[in-house]
Amino acid sequence: MAPTTETQEAYPMKGGDGLTSYSQNSTYQRGVIDAAKDVIVRAVEEKLDLTNPNINSCTSFRIADYGCSTGPNTFFGMQNVVDAVELKYHSIQQSPPEFQVFFNDHVDNDFNILFKSIPPSGQYFAAGVPGSFYQRVLPKASVHFAHCSYALHWLSKVPKEIQDKTSPAWNKGKIHYTGVEKHVTKAYFVQFQKDMDIFLKSRAEELVGGGLMVLLLPGLPKGETLFSKTGAGMLHALLGASLMDLAKTGAIDEDKVDSFNLPQYHPSAEDLKMVIEMNNCFSIESYGTLDHPMRHLPFDVKRTSAQVRAIMEAIVTDHFGSEILDQLFEIYTKKLTENYLVFEKEIRKDCDMFLVLKRKSY
């Protein structure tokens, strides 16, 4: 049996396949997967040792996508891994083994839509694995390649100090950290450290020695960059301002806004390296930033608003109810339009990062 842990907060992406669903509004996340294809090919080519007895003694090659969400994006990522591993086997004149892919996410994830989107190619056996990745979800030494894309910036919970009115980290009037308030930022970082350590320890038990893990996540290129000056920081600030506008109309209580905080942390490369090195279960084989194709396109207000709604609808509904959603995102779209210029490439300081890790063998 897998070890039990405390209950995790879970706010899945908008299910279904309608116009406001995550399945129809996650092109940016798809772009991250596309941009990382070469990273995966190089990682497999240069870092995956097929002579490793933990790999060559198995009749199947097992891959896991942690935080797979719903819709087709995960299948593009998994196809990248399968193709890279097949290419590696062919390069040494060996036939690849059978592939098994585990798709993991919270129990409330829309696995029905996920598996309706599965490609018909039949290149691998697929299985859904419900549960928070901030715990063990698979047997020991059962995975050869782990993948996690645009999920690790979600924390297991909001730091408790943020919601404590007696704490110096109480985040009144904001729904996230900006990077300016030191106590607030520290509380978020400490929670990220705890969660990331649990994630790494859990994956260390599930991966075979010498197995690879590729992490893709939004972050900051340098530790001194303020989150409020990034694209993601601006999107969060405008969502908070839209909620405050609703509070001013009496549609929601201002105290309700004060108690609402997003459980996200966007780390710097330095943050990630420090946590991974302290954990000591993985070696960092390579890391860097991705060249996302959509960064070269003009900022699209309607698409961005729809994507933010698909991501945030569950957490907003849980706290405020569903009645405010249409009005909230009408205000939000208007604010995005008014602030169009701040999203120009020159002042978007955030980045999409990749890390290639190898499970240490002891």
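This is a predicted model: local features need pLDDT of at least 70, side-chain atom pairs count only at pLDDT 80 or more; totals for chains, interfaces and linings use all residues.
Reader: Is Asn-104 buried or exposed?
Author: A residue counts as buried under 20% relative accessible area. Asn-104 has a relative accessible area of 2%, so Asn-104 is buried.

Reader: Which backbone oxygen does the side chain of Asn-104 reach at 2.9 Å?
Author: Leaving aside neighbours within four places in sequence, Asn-104 is in contact with several residues, including Val-129, Pro-130 and Gly-131. A polar atom of the Asn-104 side chain lies 2.8 Å from the backbone oxygen of Gly-131. At 2.9 Å, the side chain reaches the backbone oxygen of Val-129.

Reader: Which backbone oxygen does the side chain of Asn-73 reach?
Author: Asn-73 is placed in helix H4, residues 73-91. With a relative accessible area of 8%, Asn-73 is buried. Beyond its neighbours within four places in sequence, its contacts are Tyr-22, Ser-26, Gln-29, Arg-30 and Ile-33. At 3.1 Å, the side chain of Asn-73 reaches the backbone oxygen of Ser-26.

Reader: Why is H7 largely enclosed by the rest of the structure?
Author: Helix H7 covers residues 231-249 and reaches 28 Å from its first C-alpha to its last, close to the 27 Å expected. H7 is largely enclosed because, of its 19 residues, the number buried is 14.

Technical notes. Residues are numbered from 1 along each chain as its sequence is written. Side-chain values use heavy atoms; hydrogens and water are left out. Helices (H or I, at least four residues) and strands (E, at least two) are DSSP runs, numbered from the N terminus. The expected span of a helix is 1.5 Å times one less than its number of residues. Buried means under 20% relative accessible area, exposed over 50%, partly exposed in between (1.4 Å probe, protein chains only). Contact means heavy atoms within 4.5 Å. A polar contact is a pair of N or O atoms within 3.5 Å; within protein, one must be able to donate a hydrogen and the other to accept it, and residues adjacent in sequence count only if both atoms are side-chain atoms.
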